[in-house]
Amino acid sequence: MNILKICFGKTLFFRRMELKLNQKKVAEKCCLSPRQYIDLENGKRLPSFGSLINMIINVGIDLNLFIEEIIKADYIVEDYVGK
């Protein structure tokens, strides 16, 4: 699995826990199917740009937390160029 997918999934999970919502409710707020949301939270995929914007606006996903997660995971940009 890709570090970015895993870190984004953790960011989603922690935000959902803060909001005290289930996956289905967050999926609805983000205009996603429950399956799409679950795949995102489980680190199986990254959101499209439009879905990311919906998440930022509708559930308050904080990209700074995502960035903190990828820094903690020792993400190196050069490792992912062209992949």
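Visitor: Hi! What kind of model is this, and how are residues numbered?

Guide: It is a predicted model, where local features need pLDDT of at least 70, side-chain atom pairs count only at pLDDT 80 or more, and totals for chains, interfaces and linings use all residues. Residues are numbered from 1 along each chain as its sequence is written, and side-chain values use heavy atoms, with hydrogens and water left out.

Visitor: Thanks. Which residues touch the most other members of the largest nonpolar core?

Guide: Phe 8, Leu 12 and Met 55 do, in a core of 16 residues. A nonpolar core here is a set of buried Ala, Val, Leu, Ile, Met, Phe, Trp, Tyr and Cys residues joined through side-chain atoms within 4.5 Å. Buried means under 20% relative accessible area, exposed means over 50%, and partly exposed is in between (1.4 Å probe, protein chains only).

Visitor: And which helices supply this core?

Guide: At least two residues come from each of α1, α2 (23-29), α3 (34-41), α4 and α5 (63-72). The most come from α1, with four residues. Helices here are DSSP runs of H or I with at least four residues, strands are runs of E with at least two, and both are numbered from the N terminus.

Visitor: What does Met 55 touch?

Guide: Leaving aside neighbours within four places in sequence, Met 55 is in contact with Phe 8, Leu 12, Cys 30, Leu 32, Leu 40, Pro 47, Gly 60 and Ile 61. Contact means heavy atoms within 4.5 Å.

Visitor: How about Leu 52, buried or exposed?

Guide: Leu 52 counts as buried, at 17% relative accessibility. This residue is in helix α4 (residues 49-59), and Leu 52 touches Phe 8, Pro 47 and Leu 63, not counting residues up to four places away in sequence.

Visitor: What does α3 pack against?

Guide: The buried residues of α3 pack against α1, α2 and α4. Those buried residues are Tyr 37, Ile 38, Asp 39, Leu 40 and Glu 41. Just after α3 comes Gly 43, with a positive phi of about 75°.

Visitor: Which residues other than glycine have a positive phi?

Guide: Lys 20 is one of them, with phi near 55°, and Cys 31 has phi near 60°. Lys 20 sits in the loop between α1 and α2, while Cys 31 lies in the loop between α2 and α3. For background, most residues other than glycine have a negative phi.

Visitor: Switching topic: how many disulfides are there?

Guide: Zero, from a search of the whole structure. A disulfide is a pair of cysteine sulfur atoms within 2.5 Å.

Visitor: Which residues are linked in a network?

Guide: Lys 10, Glu 69 and Lys 72 are linked in a network of salt bridges. The closest N and O atoms of Lys 72 and Glu 69 are 3.4 Å apart. Glu 69 counts as buried, at 11% relative accessibility, but Lys 72 counts as exposed, at 60%.

Visitor: What else does Glu 69 touch?

Guide: Glu 69 is in contact with Cys 7, Lys 10, Thr 11 and Phe 14, leaving aside neighbours within four places in sequence.

Visitor: Where is Phe 14 found, and how exposed is this residue?

Guide: Phe 14 is in helix α1 (residues 3-19), and is partly exposed, with a relative accessible area of 44%.

Note on methods. Salt bridge = Lys/Arg side-chain N within 4 Å of Asp/Glu carboxyl O.
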